[in-house]
Structures are given as C-alpha cells and as structure tokens.
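Trainee: Could you take me through one part of this protein slowly, looking closely at how it is put together? I would be glad of one connected answer that I can follow with the model open beside me.

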Amino acid sequence: MYVCICNNVRESDIDSAVAAGAKSLSCIKQELGVASCCGQCEELAAQCTAAALRKQHSPTLRISRITNAVADVETSWASAQPAV
C-alpha cells in the first residue's frame, strides 16, 4: 500500500527502513522523505512506523514453541518405536 504518493513510499519501504534500524517517524521522514511535501500522509506514516516497530520487536517465542513442539513430537515418535 502506498503511504506517501508525493515521494513514492510504500508501507513495505517503511518496514524495510525499520528493519534496517530506523527507530522513529523522524528517522523514517529523514530516510524516505515521507510527509515532506504536502503532509497528508503523516498520520498514516506514523501508524505504519508504529506497526513496523511492533513487528520488529515482537518476541520470537512463538517460533520457539513450534520448534520445541516438533522436537517433542520427534522425541515421542522415537520413543514409541520398538527396540530392534
């Protein structure tokens, strides 16, 4: 989705900037030029920046749980096999 038409900035551009280290809307404005022309996109840019920051800082606990569950299943499967 386009966030800033004036500067051709998409939501994915904001996500990439946050992943590369941008920590605030000010950083996004400086790096991508968002909200530097007409200013109509500033609120949407702020929302997209906040969402990208939440995604960036979300815990990886869910992945760990999936990995552990798979390991537990594999362990259970191995223990269920008859000894040869």
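Mentor: Happy to! Let's start at Ala-35, which sits in the loop between H2 and H3. Please keep in mind as we go that this is a predicted model. Ala-35 is not a glycine, and yet its phi is positive, at about 60°. Is Ala-35 buried or exposed? Its relative accessibility is 17%, and because the cut-off for buried is under 20%, Ala-35 counts as buried.

You will find Asn-8 in the loop between strand S1 (2-4) and strand S2 (9-10). With a relative accessibility of 48%, Asn-8 is partly exposed.

The protein has four helices and two strands, and along the sequence they follow the order β-β-α-α-α-α. Of the 84 residues in the protein, 23% are buried. If you take the contacts between residues at least 6 apart in sequence, 54% of them join residues at least 24 apart.

Two packed helices are described by the angle between their axes and the distance between the axes. Take H2 to begin with: H1 and helix H2 (residues 25-32) pack at about 110°, and their axes are 10 Å apart. That angle makes H1 roughly perpendicular to H2. The crossing of H1 past H2 is right-handed. On the H1 side, the residues in contact are Asp-13, Ile-14, Ala-17 and Val-18, and on the H2 side they are Ile-28, Glu-31 and Leu-32. Sorted by class, this contact has five nonpolar residues, two charged ones and no polar ones.

Next comes H3. Helix H1 (residues 11-19) packs against helix H3 (residues 42-56) at an angle of about 45°, with 9 Å between the axes. H1 is therefore oblique to H3. Here too you can check the handedness on screen: H1 and H3 cross in a right-handed way. H1 brings Glu-11, Ile-14, Asp-15, Val-18 and Ala-19 to this contact, and they meet Ala-45, Cys-48, Thr-49, Ala-52, Leu-53, Lys-55 and Gln-56 of H3. By class, there are seven nonpolar, two polar and three charged residues in the contact of H1 with H3.

A disulfide is a covalent bond between the sulfur atoms of two cysteines. A search of the whole structure finds zero of them. Cys-6 itself is partly exposed, with a relative accessible area of 45%. For Cys-37, the closest cysteine sulfur belongs to Cys-6, and the 4.7 Å between them is also too far for a bond. Cys-37 is exposed, as its relative accessible area is 52%.

Definitions and conventions:
Residues numbered from 1 in each chain as written. Predicted model: local features only at pLDDT ≥ 70, side-chain atom pairs only at ≥ 80, totals over all residues. Heavy atoms only, no water. Disulfide = S-S within 2.5 Å. Buried < 20%, exposed > 50% of the residue type's maximum accessible area, 1.4 Å probe, protein only. Axes fitted to C-alpha atoms, helices over the stretch in contact; angles between N-to-C directions. Parallel < 35°, antiparallel > 145°, perpendicular 65-115°, else oblique. Left-handed = near helix turned anticlockwise from the far one by under 90°. Contact = heavy atoms within 4.5 Å. Nonpolar A, V, L, I, M, F, W, Y, C, P; charged D, E, K, R; others polar.
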